[in-house]
Amino acid sequence: SRNARAIPPARWPLVQAYLRLYLSPQQICGRLKLEGAQSVSAQSIYTYVYSDKAKGGDLASYLRCQKQRRKRYGSGQERRGQIKGRVCIGQRPAVVDARARIGDWEGDTVIGTGHSGVLVTLVERHSRFALAHRLPSKEAQPVSEAIRQMLRPHKEQCLTITFDNGHEFADHAFLGQCLGADVYFAHPYHSWERGTNENTNGLLRQYFPKKMSFKNLSRIDVDDAIHLLNHRPRKCIGYRTPHEVFYGLEIQPLN
């Protein structure tokens, strides 16, 4: 920022000395003010510490809490570039929010450790019926084709799809045309606007943990996990299973 005050280089040796006394950045900030010296914000100290760490320094080892680099959520602006022709969730019909019908889907991707593969996931909002397909990467064309193949048997039950803002969904216009569905995108960094999908991805992590590689994941592995989820009674749908609700089946003892 052109209006920011520059921190004089002579200030950092004292900050380093205080860090090596195991003072936290917040404590250093307050102490410098108390001593009448030019203060340095805690965030500036964290930035300095992690810059030092990237250069091979040891200042980070003096932090009691090894703070993770924070993802920027504040502005709510998409930093990956806008998807061409995206329609915002604000234009989605209100009936979708009511969950009163079958046919409104949410879509996302689940990444294996080290980007070793990706699961393309879909979940129907009313029934919580889920679908998933494994791909080696999340390029737009294969992701679009996977979604088309998964939803083609359910085309009559596909009225809308809501995605996040990942560029793997850049072929949304073609996909919507193939399925006869309207496609919408959540606001950037508003994952709760696709809460059903986010929750389902969390349930999938029971079978495919975050540190798991998807490199050798088979179609059978994915289908088995989805089968278990779709036949699990859910409190939010009166302890019926997503399979029963989606297909309108009578309640039967679980097999």
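Predicted model: local features only at pLDDT ≥ 70, side-chain atom pairs only at ≥ 80, totals over all residues.

**Around aspartate 108**

Q: Which side chain makes a polar contact with that of aspartate 108?
A: Asparagine 201: the two side chains are joined by a polar contact of 3.4 Å. A polar contact is a pair of N or O atoms within 3.5 Å; within protein, one must be able to donate a hydrogen and the other to accept it, and residues adjacent in sequence count only if both atoms are side-chain atoms.

Q: OK, where is aspartate 108?
A: In strand 1, residues 104-111. Helices (H or I, at least four residues) and strands (E, at least two) are DSSP runs, numbered from the N terminus.

Q: Is aspartate 108 buried or exposed?
A: Buried, with a relative accessible area of 7%. Buried means under 20% relative accessible area, exposed over 50%, and partly exposed in between (1.4 Å probe, protein chains only).

Q: And what does aspartate 108 touch?
A: Not counting residues up to four places away in sequence, its contacts include Leu119, Asp164, Arg194 and Asn201. Contact means heavy atoms within 4.5 Å.

Q: What about threonine 109, which strand is that in?
A: Strand 1 too. Threonine 109 counts as buried, at 12% relative accessibility. Its side chain makes a polar contact of 3.0 Å with the side chain of glutamate 168.

Q: How far is threonine 109 from leucine 19?
A: They're 41 Å apart in space, C-alpha to C-alpha, and 90 residues apart in sequence.

Q: Switching to helix 6, which residues are buried there?
A: His172, Leu175, Gly176 and Leu179, in a helix that covers residues 172-179. Seen down the helix axis, the buried residues of helix 6 fall within an arc of 95 degrees, so they line one face. That arc is the one of the directions from the helix axis to the C-beta atoms.

Q: Why would they line up like that?
A: An α-helix has 3.6 residues a turn, so residues three or four places apart point the same way.

Q: What's on the face turned away from the buried side of helix 6?
A: Ala173 and Gln177, which are exposed.

Q: And what covers the buried residues of helix 6?
A: Among the elements covering them are helix 5 (140-151), strand 4 (160-163) and strand 5 (182-185). Strand 4, helix 6 and strand 5 make a right-handed β-α-β unit. Right-handed means that, with the strands pointing away from the viewer, the path from the first strand over the helix to the second runs clockwise.

Q: How many bridges join strand 4 to strand 5?
A: 4, and the two strands run parallel. Two strands pair if DSSP finds at least two bridges between them. Strand 1 and strand 4 run parallel as well, joined by 4 bridges.

Q: Which way do the residues of strand 4 point?
A: Thr160 and Thr162 point one way, Ile161 and Phe163 the other, and all are buried.

Q: Last one: how many disulfides are there?
A: 0 disulfides, a disulfide being a pair of cysteine sulfur atoms within 2.5 Å. For cysteine 158, the nearest cysteine sulfur is that of cysteine 178, 11 Å away. Cysteine 158 is buried, with a relative accessible area of 2%.

How values were computed
Residues numbered from 1 in each chain as written. Heavy atoms only, no water.
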